[in-house]
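Take a look at the model first, then run through the notes below.

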Amino acid sequence: MPNIRTRLVVVLVLLSGFLSVVGASPATAATPSDSLWFDGSPLTVQNGGFVDGYGRQVVLRGYNVSGETKLEEKSGLPFASVADAKKSATALRALGGGNSVRFLLSWAHAEPVRGQVDTTYLAAVTDQLRVFLDAGIRVYPDFHQDLYSRYLFNSGSWYTGDGAPKWAVTAGSYPQESCGICLFWGQNITQNTAVQKAQYDFWHNTYGLQDAFLSTAQSTMTYVQQNLTAEEFAGVVGFDPYNEPFAGSYDSGQTSRTWEQNLLWPFYVKFRARMDAAGWQTKPAFVEPNLFWNSNISSQQQVGGLLDAGTLGPRYVFNTHFYDQKAISGVLMWGNAADGQYATDFGTVRDRASAAGTAAVVSEFGHPLSGTVAGKAPTVLKAMYQALDSRLPGASWWSNPSGSGPVLSGDQWQWDIYNGRHHELMNDNASKVVTSGDGWNDEDLSAVNLSDSGTVTLRQDARLLDRVYPSATAGTTVAFTYEDRSRDGSTTLTWNPVPSTLPNTAQLAGSGQYALLMWRSGTSTAPTELHLPASFPAASTTVVSDLAAVSGLPGYTASTPIGYAAEPGGTGSHRLLLTATGSGTLHYALITNGASSPSAALLTAAKSELATWAAAHS
């Protein structure tokens, strides 16, 4: 919901009753290449986080794939072909450093005729989704919508929507849409009467819309489960039932909080039951609160956060979005983002998930890459990633690392390889062909596009996107930070320098990138795992840990405390594997590419320095 436009999801998929979807038997899939013995287990939610089959804490990082689903040009699919999906998945892993995607689906194409699921569409979706699973990328699908439906908008409208099919709009006999004087598409959510009425109808199950959606969602999930192998299905993390929910309008005496309690949460309980019936019993629902609950503009913020849902536990994930609406407005935040800019905002997400007894994921965040506020993007995105890594600003991290809080999972909006090469007839108007940006309501947030030769190319600094992060921690994360040294134009942004009180560590990091992980080991026999960006090749990466201190990483073996290995999927991405023994022991690891052939004496001095520091701050 960039551009001060808080997107509201109305994923109205209508089916009058449960439709059993029967598809072809799933193809046999090989284990993703480069897999090791501990790869590929399904995730569950335990102790407030994602956990794999070996008891490791898992962090999901990646992108939304993709806004192309919102367009008609490729019939509601993220990609024109499986080959394009494979190109995208490979780049997402190798260039973007992602291990997860939020995979967008179109209700309008899944159910073009009321009561009839289009299995041809579901087959194409499943084939494209499978490509990401085969690349070692975990997936959670999302029936996406914005402004209810494109069919609410006339051919001459300034805006468009996505989500519900035409027959769902016809059922409502909604008034002629009009937003009045709206500068951003998201203003339609609260100012366009047709959009408001459609939203309201969904939540009140008018015309049986919500019942129909639940039936279609169950049919879709059944199809996906039946047409993936068990190994592939293990990589599906869960399902996002509803993107950025909003009431449309409140009944007399109703508040945003009571709306969540009496309408939104009961819907999620029903959706959860449909997941169980579709064979998704062990996978959580990624549930979102009222989309205005965490707006950083006080006049937009509404009380919410599923406050009355009680303990969500392992069957739900607290799923939210965050965009800096002040920065996007162009007038409410002058200048750029700074160190710790979003520490409080993302700390609120951590606290709410903790109170709800479940994991958290920020399933959308981002900033426009063109237009009048695009210049803020390098600092805004750096500050958002910083806040995902730790709830502390860089300036105070080294003095209080244990205050970092859990490392948050998050998926950036978005990864659209067709950015700038669209051919979308806006609202079916042949005289309004949209080619620029993301092809939808003047958005331009994709981290990638295609070069003239057809190569996937980053549109943002690789240092910012391809990051070190603890993808699986064998035990409990105590603290984590990553200084990416990303650029704002020609300026290197360093918000978390190693303090002068650690001179040997500072010398090792130099002007390079570095990460530092502190964790307390558990009973898992699998190693702790961190994604290594392409800027951290084995030969020039230094690791200083209580486990060992090495410059130039050896290949991973079960007996090697510090090892280098490919990530699953054969995409060319790599990881650092740290094998510790014992349970309850505090460990630390500094990972940097700043040192060039450091001496044994420097490694020893830095190890001693870090050991003293870690003991004092655990």
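Let's start with Leu306, which sits in the loop between β7 (285-287) and β8 (316-322); helices (H or I, at least four residues) and strands (E, at least two) are DSSP runs, numbered from the N terminus. This is a predicted model, where local features need pLDDT of at least 70, side-chain atom pairs count only at pLDDT 80 or more, and totals for chains, interfaces and linings use all residues. Residues are numbered from 1 along each chain as its sequence is written, and side-chain values use heavy atoms, with hydrogens and water left out.

- Most residues other than glycine have a negative phi, and most peptide bonds are trans.
- Leu306 isn't a glycine, yet its phi is positive, near 55°.
- Leu306 counts as buried because its relative accessibility is 3% (buried is under 20% relative accessible area, exposed over 50%, partly exposed in between, with a 1.4 Å probe and protein chains only).
- Asn205 is another non-glycine residue with a positive phi, about 55°, and its loop runs between α6 (193-203) and α7 (209-226).
- With 26% relative accessibility, Asn205 comes out as partly exposed.
- The Val65 to Ser66 peptide bond is cis, with omega near -20°; Ser66 belongs to the loop between β4 (61-65) and α1 (82-94).
- There's also a cis peptide bond from Trp413 to Gln414, omega near 0°, and Gln414 is in the loop between β10 (409-412) and β11 (424-425).

**The disulfide**
- Cys179 and Cys182 are joined by a disulfide, S to S 1.8 Å (the rule is a pair of cysteine sulfur atoms within 2.5 Å), and the count by this rule is one.
- The S-S torsion of Cys179 and Cys182 is about -80°, so this disulfide is left-handed.
- Cys179 is buried at 9% relative accessible area, and Cys182 is buried at 5%.

**Helix α3**
- Helix α3 (residues 119-134) has 16 residues and should span 22 Å at 1.5 Å a residue, which agrees with its end C-alpha atoms being 22 Å apart (the expected span is 1.5 Å times one less than the number of residues).
- Asp118 caps the N-terminal end of α3, with a side-chain oxygen 3.0 Å from the backbone nitrogen of Thr120.
- After α3 comes Gly136, with a positive phi near 80°.
- The buried residues of α3 include Tyr121, Leu122, Val125 and Phe132.

**Around Thr560**
- Thr560 is in the loop between β22 (549-551) and β23 (562-566), and is buried at 15% relative accessible area.
- Leaving out residues up to four places away in sequence, Thr560 touches Pro554, Gly555 and Thr579 (contact means heavy atoms within 4.5 Å).

Conventions
A polar contact is a pair of N or O atoms within 3.5 Å; within protein, one must be able to donate a hydrogen and the other to accept it, and residues adjacent in sequence count only if both atoms are side-chain atoms.
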